[in-house]
Amino acid sequence: MNTTSNSHRHSRKNTVITAMLYLPIVLSLWLLAAHSLRFGHFFAFGVLLLSPLLLLIRQHYILRVCQVTLFSGGLFWIYTTYGMLSVRLAMGEDWERLLVIMGGVILFTIFSSCLCMHPRVEKHYS
């Protein structure tokens, strides 16, 4: 009886850990979606908002598409940060806080892309 209880507890723990691996991926996609909406790109917003639903399809190529999307999103954040910093510097405004915040967003997005290569995530799609 105790073995069944331990097995159930272990299974639930694995489920929670796996869900925690997907959380940054989904949040990064939604952050990119929110940025698209800010500039009125409604199609991109819709695609990025709904893209986490693709993760329900257990095909390996879906995981790679998600990974490439997030890595591209990280590059996009770098490009966006450069533009925002250029404006701030040209106007003589404070830029350090912007760099710290956007640096965090960039790292979080790239980290999320790397989570697509985590063994637990890979196993789910193999």
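Guide: The chain exposes about 8500 Å², and carbon and sulfur atoms supply 72% of that area; accessible areas come from the Shrake-Rupley method with a 1.4 Å probe, and for residues only the protein chains shown count as cover. This is a predicted model, in which local features need pLDDT of at least 70 and side-chain atom pairs count only at pLDDT 80 or more, while totals for chains, interfaces and linings use all residues. Residues are numbered from 1 along each chain as its sequence is written, and side-chain values use heavy atoms, with hydrogens and water left out.

There are five helices and zero strands in the chain, giving the pattern α-α-α-α-α along the sequence. Helices (H or I, at least four residues) and strands (E, at least two) are DSSP runs, numbered from the N terminus. The radius of gyration is 18 Å, well over the 14 Å that the globule rule gives for 126 residues, so the chain is more spread out than a compact globule. That radius is taken over C-alpha atoms, and the rule is 2.2 Å times the number of residues to the power 0.38. Along the principal axes, the C-alpha atoms fill a box of roughly 70 × 30 × 20 Å. Of the contacts in the chain with a separation of 6 or more, 70% are between residues 24 or more positions apart; contact means heavy atoms within 4.5 Å. Buried residues make up 29% of the 126 residues, where buried means under 20% relative accessible area, exposed over 50%, and partly exposed in between (1.4 Å probe, protein chains only).

The part to examine is helix H4, which covers residues 96-115 and holds Ser113. H4 has 20 residues and reaches 28 Å from its first C-alpha to its last, close to the 28 Å expected; the expected span is 1.5 Å times one less than the number of residues. The buried residues of H4 are Leu98, Met102, Val105, Ile106, Thr109, Ser112, Ser113 and Leu115. An α-helix has 3.6 residues a turn, so residues three or four places apart point the same way.

Ser113 counts as buried because its relative accessibility is 4%. Leaving aside neighbours within four places in sequence, Ser113 is in contact with Gln67, Leu70 and Phe71. The Ser113 side chain also reaches the backbone oxygen of Gln67 at 3.1 Å. A polar contact is a pair of N or O atoms within 3.5 Å; within protein, one must be able to donate a hydrogen and the other to accept it, and residues adjacent in sequence count only if both atoms are side-chain atoms.

Gly92 is exposed, because its relative accessibility is 64%. Its C-alpha atom is separated by 23 Å from that of Val105, 13 residues apart along the chain.

Ser126 lies in the segment after helix H5 (119-124) and, at 80% relative accessibility, counts as exposed. The side chain of Ser126 reaches the backbone oxygen of Lys123 at 3.0 Å. Ser126 and Thr80 are 46 residues apart in sequence and 35 Å apart in space, C-alpha to C-alpha.
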